[in-house]
Structures are given as structure tokens and as C-alpha cells.
Amino acid sequence: MALTDLILDRPSVEPARREERRPPAVARVNTSSLGSIEAAVHPGLEVLSIGVWDVRRAPVAGQPRLRTLTADLANELLALRDRPPIIQTVIEGDLGPAA
């Protein structure tokens, strides 16, 4: 829209642009976000955070824009040293209204 059209409250003569839908550049894969690594990976992905999935089979190699990858690898690293895994306990409940 030209400035003159805006000031005179005239409709724009420019054709309407079709909005492109691109996948997000940042993705989180865990139990409360995306359900799989495959659903998150695409050529425009820049940041990937992996929560509880097996990272060894992650299809992230060769992603041209991927610059940050975070993952919970503690138990995998401990297993390489024949050490016991870290026990995780999830406690769910209602904490009441926010103060």
C-alpha cells in the first residue's frame, strides 16, 4: 500500500500477497510438545531441543541451518561408562492458584 493510499483511505492497488506457512525455526520434542523428532526436522530448522526420546536415531544429520541442539543425554553417557542411570521421578498435582 502506498502512503498516499493510506492517507486518502483508498484501497490498495497492489495484489494481495499469499501468506507463506513455514515450519518454525525452533522446535521442542518432548511429551508436551511435538511427538517425534521426525515431525520437527525440516530444512529451515535452526534450534532443536530433544527431551525424552532416543537421540541416537535422531534424523538431524545434514540439516543445513541447524545451529543448536540440546538433549537429555545424561543416562546415555552414564551407560557408556557402565554406570547406573539417573532415576527420574515425575510428580504431578495441583499447586493451587498462583499467588
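Predicted model: local features only at pLDDT ≥ 70, side-chain atom pairs only at ≥ 80, totals over all residues.
Q: In what sense do S1 and S2 pair, and over how many bridges?
A: S1 and S2 pair in the parallel sense over four bridges. Residues are numbered from 1 along each chain as its sequence is written, and side-chain values use heavy atoms, with hydrogens and water left out.

Q: What makes S1 and S3 the edges of the sheet?
A: The open sheet has three strands in the order S1-S2-S3, with parallel pairing. Strand S1 (26-29) and S3 each have a single partner strand, so one side of each has no neighbour in the sheet. On average, neighbouring strands here are turned by 10 degrees against each other, direction ignored (axes are lines fitted to C-alpha atoms, for helices over the stretch in contact, and angles run from 0 to 180 degrees between N-to-C directions).

Q: Which elements does the chain hold, and in what order do they run?
A: The chain has three helices and three strands, running α-β-α-β-β-α from the N terminus. Both kinds are DSSP runs numbered from the N terminus: helices are H or I with at least four residues, strands are E with at least two.

Q: How do you know that Glu46 and Arg65 form a salt bridge?
A: Their side chains meet at 2.5 Å, N to O. A salt bridge needs a side-chain nitrogen of Lys or Arg within 4 Å of a carboxyl oxygen of Asp or Glu, so this pair qualifies.

Q: What is the closest N to O distance between Glu46 and Arg67?
A: It is 3.2 Å, and Glu46 and Arg67 form a salt bridge. Glu46 lies in the loop between H2 and S2 and Arg67 in the loop between S2 and S3, so the pair ties together parts 21 residues apart in sequence. The structure holds two salt bridges, and Glu46, Arg65 and Arg67 are linked in a network of them.

Q: Is Glu46 buried or exposed?
A: Glu46 has a relative accessible area of 18%. Buried means under 20%, exposed over 50%, and partly exposed in between (1.4 Å probe, protein chains only), so Glu46 is buried. Arg65, at 47%, is partly exposed, and Arg67, at 58%, counts as exposed.

Conventions:
Pairing = 2+ DSSP bridges.
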